[in-house]
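Subject: Structure handover

Hello,

Here is the structure I promised to pass on. Please open it first, then read my notes below.

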Amino acid sequence: MKKNSVDQDVQTLPQKTRSARRLQDRMTIVLFLLPALIFFSIFLVYPVFRSVYYSLFSWKGFGPAVDFIGLNNFKRILTDWIFLKAVRNGLLIVVLSLAIQLPLSLALALMVGRNLRGRAFFRTIFFMPYVLSEVITGIMWLILYNPDPKRGFINAILTLIPGLKAQPWLGDTRTVLLAIFVVLTWKYFGFHMLLYLAGLQNIPPEIEEAALIDGVNKRQMITYITIPLIGSTIRTSVYLSVLGSLQVFALIWIMTKGGPVNASEVMSTYMYRFSFVRFELGYGSAVAIVMLLISLVFSLAYLRLVRQADYLS
Amino acid sequence: MKKYSLVLFLVGILLVSGVFTALAAEAPVTITWWHIQTAEAEKVLWQRLADEYMAAHPNVTIEVLSLENENFKTKLTTVMLSGEPPDIFQSWGGGVMNEYAKAGLLFDITAYLDRDGWRDTFSPGALGVYSFEGKNYGVPRDMGMVGFWYNKDLFAQAGIDNPPTTWSALLEDVQILKDAGITPIAVGEGDKWPGAFWWEYLAVRIGGQAAFDAAYSREGSFTDAPFIEAGEKLQELVALKPFQSGFLGATWGDEATLMGNGEAAMDLMGQWAPGAFADNSIDKLGLGEKAGWFPFPAVEGGAGDPADALGGGNGFVIGINAPQEAVGFLKYISSVDSQIAQAEINLSVPVVKGAEGGLTDPLLKIVQQGAAVAQYFQLYYDQAMPPAVGSVVNDNVQGLFAGTLTPEQAAQAIEDSAAQEIK
């Protein structure tokens with residue numbers, strides 16, 4: 001009723017006032033967007049363009065950049081086997097995350113989403129690692145992984161089992177990346193679990209009840225009802241996981257600095273080493289641009305090929 | 001009338017400006033001071049000196065910040081890149097300091113040093129590390145050489161009577177220690193610089209001053225025979241597996257913990273080692289009476305003199321935005337009394353004349369003497385050369401420790417970086 005009367009009011013307004021109001025609405029939108037836009041430009045857009053600029057120089061970070069070298073930095077990046085190794089390590093983390101971390105999170109979400117006894121408790125402790133800062137997580141696991149069984153908890157447990165010896169988890173080029181992946185999984189599975197829990201809550205109980213009446217078993221319920229219905233959540237979670245894996249930095253820098261001998265090197269640690277240890281900020285900027293491009297290409301491709309369905313539906 | 005008011009005006013200006021000058025002399029200033037001493041006794045000493053200075057100069061406030069070594073380097077890099085250096089901060093001089101000086105981030109204290117004979121209080125070699133192109137930017141507090149710190153009890157337990165004097169004897173002793181079930185060597189190769197000492201010292205022994213001078217002046221190269229041979233010798237050692245488990249991921253702190261608790265027999269390290277051993281040990285006492293020291297052994301057929309030393313020291317430099325008072329405070333902490341106090345707690349091997357007596361530790365006296373008499377004193381490579389080359393040295397020596405690089409590959413990588421950076 002009330003709505004009608006407002007519509008009538010609007011219709012009775014002269015044409016001129018209506019367009020003025022539309023302009024006013026636009027002004028309001030701009031006004032509200034402005035603060036965010038300013039911060040976004042200063043802290044994100046501007047630095048990206050500065051990085052692009054610096055990436056064309058051999059520059060140590062002090063004073064203005066003067067030594068223009070064109071695309072030489074990029075040439076050097078793409079021919080440096082350590083960078084290629086960093087990319088490979090990054091991709092390995094992505095693949096492992098998708099293959100292990102996400103299914104694990106989903107399984108746990110299905111478990112604690114049900115009428116399990118003490119599920120609130122489990123939900124809390126599973127989410128707790130995500131709340132810790134990356135630096136604290138790194139230092140904590142550094143202590144847990146200590147190769148000396150007298151100091152490192154994990155090795156202390158291992159040596160209790162007959163036939164097993166203490167392992168230098170982070171000091172061995174063969175185990176270091178897996179050891180780091182364990183920490184990444186430990187830290188982030190809770191976040192993905194929470195996403196899935198939210199997705200599960202959006203499934204109308206009627207559908208599940210109807211399926212039960214039709215006589216589906218537990219496995220069928222999960223594969224034909226639950227997973228398809230939280231598809232958009234899964235697609236979001238995959239997207240976040242891939243981007244997060246490509247950009248992981250603090251944990252690795254704290255625990256290994258990308259070592260030993262580049263065995264746990266990823267693009268971000270490589271960029272950091274060149275920028276802030278070797279003072280090659282021009283080169284470091286170029287690495288940052290390459291990282292940005294890789295993430296951007298993935299994002300665009302993923303949005304176009306996979307997530308488009310979510311927006312259309 | 002007009003004239004009168006003009007005079008009054010001028011007098012007024014004079015008065016006001018006079019008051020301002022008087023105020024300026026006593027205007028409160030704040031000095032920020034970053035050091036890397038985290039051990040309790042050392043932190044306390046620095047704070048005491050700051051408190052004393054503040055008591056004598058009520059207008060000066062000194063903000064002391066104690067940072068762990070690696071954290072310090074990270075934090076300092078960030079503020080330096082943003083052009084806002086602390087007023088007084090830890091420096092090792094050499095290549096990294098030169099970059100800062102070139103960028104105009106350091107305060108030139110040459111004139112202050114030349115006043116009242118301040119310059120003459122320092123031993124010239126140590127002071128020179130903190131100068132670049134004839135200008136001084138800071139002063140040393142400590143200078144010493146790298147050498148072997150060893151656990152005499154563990155050596156005796158393995159039946160080794162005298163520390164080795166040649167490289168092959170060192171390798172034999174490593175094997176003897178291993179056979180006795182003792183970890184021969186502690187190294188924190190995750191931090192890279194502790195292991196780089198090995199390769200650098202081997203190059204000093206094998207090539208002598210001539211090899212480094214040739215490579216650094218770009219008349220020679222880091223792929224010259226002595227540098228490759230240094231890598232080969234290092235790999236002879238690595239092949240014996242003499243290090244603690246997980247050494248490739250260990251930090252300098254882990255290394256000091258092992259030594260301090262008597263869980264490893266020896267450690268190639270600088271003059272700060274005994275203090276760190278104590279601080280990282282369970283009982284906070286470190287090796288104490290069990291500690292011994294011997295110089296890096298001679299390498300058979302090497303061109304270097306066995307008395308040549310690899311080393312360096314610590315000092316403080318002044319940031320470009322520092323108030324004048326910062327120089328006064330720097331002078332205060334570089335006094336003979338301060339140096340004696342530092343030496344007494346094994347914080348510094350003194351560089352100020354007359355403070356040598358403060359050294360109570362007989363081993364540090366040997367280190368001080370060794371550094372003082374060395375004909376050829378080589379500053380650590382990662383301080384002697386530009387930061388990029390230093391970092392490449394450290395990274396590639398880690399490859400030698402891990403066995404993932406050949407001596408030739410490591411030398412080539414270092415040479416490539418030197419060719420690009422040293423002009």
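Buried residues account for 52% of the 423 residues in chain B. Please keep in mind that this is a predicted model.

**Chain B overall**

Chain B holds 18 helices and 13 strands. Its C-alpha trace spans about 105 × 50 × 35 Å along the principal axes. How does the radius of gyration of chain B stand against that of a compact globule? A compact globule with 423 residues would come near 22 Å; chain B has 24 Å, so the two agree. Take the contacts in chain B between residues at least 6 apart in sequence: 74% of them join residues at least 24 apart.

**Chain A overall**

Chain A has 14 helices and 2 strands. Its radius of gyration is 26 Å, whereas the globule rule gives 20 Å for 313 residues. Chain A is therefore more spread out than a compact globule. The C-alpha trace of chain A spans about 85 × 70 × 30 Å along its principal axes. Of its 313 residues, 32% count as buried. Among its contacts between residues at least 6 apart in sequence, 67% join residues at least 24 apart.

**Where the chains meet**

**A helix pair in chain A**

Look at helix H4 (residues 81-112) and helix H11 (residues 231-247) of chain A. They pack at an angle of about 145 degrees. Their axes are 9 Å apart. The crossing of H4(A) and H11(A) is right-handed. H4(A) brings A:Gly90, A:Ile93, A:Val94, A:Ser97, A:Leu98, A:Gln101 and A:Leu102 to the contact. H11(A) brings A:Ser237, A:Val238, A:Ser241, A:Val242, A:Ser245 and A:Leu246. By class, the contact has 7 nonpolar and 6 polar residues, with no charged residues.

**Two sheets in chain B**

One open sheet of chain B has 3 strands in the order S7-S11-S13, with mixed pairing. Its edge strands are S7 (144-145) and S13 (377-379), each pairing on one side only. Strand S11 (residues 309-312) runs parallel to S13(B), and 3 bridges join them. Which residue of S13(B) stands opposite B:Leu310? That residue is B:Gln378. Helix H9 (residues 193-216) of chain B packs on this sheet and touches S11 and S13. The direction of H9 makes about 115 degrees with that of S11(B).

Another open sheet of chain B has 3 strands in the order S9-S8-S10, and here the pairing is antiparallel. The edge strands are S9 (266-269) and S10, each pairing on one side only. On average, neighbouring strands of this sheet are turned by 25 degrees against each other, direction ignored. Strand S8 (residues 147-151) is joined to S10(B) by 4 bridges, and these two strands run antiparallel. B:Phe148 has B:Phe294 in S10(B) as its bridge partner.

**Backbone points to check**

Most residues other than glycine have a negative phi, and most peptide bonds are trans.

- A:Gly259 and A:Pro260 are joined by a cis peptide bond, with omega about -10 degrees. A:Pro260 sits in the loop between helix H12 (250-255) and helix H13 (267-277) of chain A.
- B:Arg218 is not a glycine, yet has a positive phi of about 70 degrees. B:Arg218 lies in the loop between H9 and helix H10 (225-239) of chain B. Is B:Arg218 buried or exposed? B:Arg218 is exposed, because it has 11 other C-beta atoms within 10 Å, and exposed stands for 12 or fewer.
- B:Lys284 is not a glycine either, and has a positive phi of about 65 degrees. The loop that holds B:Lys284 runs between helix H12 (273-280) and strand S10 (291-294) of chain B. With 12 C-beta neighbours inside 10 Å, B:Lys284 counts as exposed too.

Best wishes

Key:
Residues are numbered from 1 along each chain as its sequence is written. Chains are lettered from A and ligands numbered from 1 in the order in which they are written. This is a predicted model: local features need pLDDT of at least 70, side-chain atom pairs count only at pLDDT 80 or more; totals for chains, interfaces and linings use all residues. Two strands pair if DSSP finds at least two bridges between them. Two residues are in contact if their C-beta atoms, placed from the backbone, lie within 7 Å. Axes are lines fitted to C-alpha atoms, for helices over the stretch in contact, and angles run from 0 to 180 degrees between N-to-C directions. A residue is buried if 20 or more other C-beta atoms lie within 10 Å of its own, exposed if 12 or fewer, and partly exposed in between; C-beta atoms are placed from the backbone. A crossing is left-handed if the near helix is turned anticlockwise from the far one by less than a right angle, and right-handed if clockwise. Ala, Val, Leu, Ile, Met, Phe, Trp, Tyr, Cys and Pro count as nonpolar, Asp, Glu, Lys and Arg as charged, and the others, Gly among them, as polar. The radius of gyration is taken over C-alpha atoms; the globule rule is 2.2 Å times the number of residues to the power 0.38.
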